[in-house]
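Subject: Structure handover

Hello,

Here is the structure I promised to pass on. Please open it first, then read my notes below.

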Amino acid sequence: FVIRSYSPITTIGGGEFLSVEPRKYKRKSEQLLHDMAVLRNGDKLKVVKLFVDRSGYRGISRKDLFKLLNLTETEIESVAAKLESDGALKRFDRDEAVFVSSKLYLDVKDEIIRQITEFHKKSPIKAGMPKEVLKASLPKTLDYRIFSSILDQLLDEGVLVQEEGLLRHKDHSVHLDTEDEKVVKEIEDLYLRSGLQPPTFK
């Protein structure tokens with residue numbers, strides 16, 4: 001772009017847009033200098049990866065990358081396929097082609113396992129964790145399609161099990177402590193002694 005004064009018509013200065021949708025940075029941020037260098041250099045692989053990394057838990061679609069970058073959709077698809085094969089990003093929603101950082105993907109995967117493990121520790125006699133409760137325990141900006149895709153992979157891998165709408169770790173089973181087992185045994189004995197008659201509680 002070029003900046004000129006109106007009257008008299010004089011060229012004041014000019015420059016080059018590196019991004020039409022810049023993010024906010026802290027003053028004197030090293031990340032700012034790094035990102036500017038990547039954008040200025042123009043390496044397609046690094047530029048696309050930068051925007052995917054910056055999209056965070058929402059991910060970014062091929063359509064949005066097309067709007068932000070001076071690349072055709074064919075070029076974006078070719079670059080994304082290379083990054084995907086290199087393990088730098090994950091693709092979700094094949095129709096819209098939504099991309100997310102592989103590192104973030106693994107972080108969310110680990111966090112899901114951690115949240116369910118913690119749930120079992122706090123509620124050992126509950127069969128599992130409701131799916132929506134799990135989603136609520138994760139970052140609010142996490143795209144539901146990314147959450148569902150990661151969850152499906154954990155189920156396919158057998159790390160998690162889903163039964164009657166509840167999620168549990170494959171190693172989890174309900175165990176009663178000694179006091180609870182005693183209460184259950186007393187109730188069972190009461191019903192057995194009562195036969196076909198409803199027991200009377202006093």
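Start just after helix α2, where Gly 56 takes a positive phi of about 60°. Please bear in mind that this is a predicted model.

**Helix α2**

Helix α2 covers residues 44–54. Its N-terminal end is capped by Asp 43. A side-chain oxygen of Asp 43 lies 3.1 Å from the backbone nitrogen of Leu 45.

Which residues of α2 are buried? They are Val 47, Val 48, Leu 50, Phe 51 and Val 52. These buried residues pack against a list of elements: α1 (30–41), β3, α3 (62–68), α4 (73–85), β4 and β5. Phe 51 also has a charge over its ring. Arg 54 lies over the face of Phe 51, at 4.8 Å from the ring centre.

**The sheet**

Next, the strands. Three of them form an open sheet in the order β3-β5-β4, and the pairing is antiparallel. β3 and β4 stand at the edges and have a single partner strand each, so one side of each has no neighbour in the sheet. Helix α2 packs on this sheet and touches β3, β4 and β5. The direction of α2 makes about 85° with that of β5.

Now the pairings one by one. Strand β3 spans residues 60–61, and two bridges join it to β5. Ser 61 has Val 98 as its bridge partner in β5. Between β4 and β5 there are four bridges. Arg 91 is partnered by Phe 99 of β5. Phe 92 has Val 98 as its bridge partner in β5.

Are the faces of β5 (residues 98–101) covered or open? Both are covered. Val 98 and Val 100 are buried on one side, and Phe 99 and Ser 101 are buried on the other.

**Aromatic rings**

The structure holds two aromatic pairs. In one of them, the rings of Phe 92 and Tyr 105 have their centres 6.0 Å apart and their planes at 35°, so the pair counts as tilted. The pair links distant parts of the chain. Phe 92 sits in strand β4 (residues 89–92), Tyr 105 sits in helix α5 (residues 102–122), and the two are 13 residues apart.

Why do both count as buried? The cut-off for buried is under 20% relative accessible area. Phe 92 has a relative accessibility of 4%, so it counts as buried. Tyr 105 is buried too, because its relative accessible area is 4%. Tyr 105 also has a lysine over its ring: Lys 90 lies over the face, at 4.9 Å from the ring centre.

**Further along helix α5**

What does Gln 115 touch, leaving out residues up to four places away in sequence? The answer is Met 129, Leu 134, Ser 137 and Leu 138.

Best wishes

Terms used
Residues are numbered from 1 along each chain as its sequence is written. This is a predicted model: local features need pLDDT of at least 70, side-chain atom pairs count only at pLDDT 80 or more; totals for chains, interfaces and linings use all residues. Side-chain values use heavy atoms; hydrogens and water are left out. Rings of Phe, Tyr and Trp (its six-membered ring) pair if their centres lie within 6.5 Å; planes under 30 degrees apart count as stacked, over 60 as edge-to-face and the rest as tilted. Buried means under 20% relative accessible area, exposed over 50%, partly exposed in between (1.4 Å probe, protein chains only). A charge sits over a ring if NZ of Lys or CZ of Arg is within 6 Å of the ring centre and within 35 degrees of the ring normal. Two strands pair if DSSP finds at least two bridges between them. Contact means heavy atoms within 4.5 Å. Axes are lines fitted to C-alpha atoms, for helices over the stretch in contact, and angles run from 0 to 180 degrees between N-to-C directions. A polar contact is a pair of N or O atoms within 3.5 Å; within protein, one must be able to donate a hydrogen and the other to accept it, and residues adjacent in sequence count only if both atoms are side-chain atoms.
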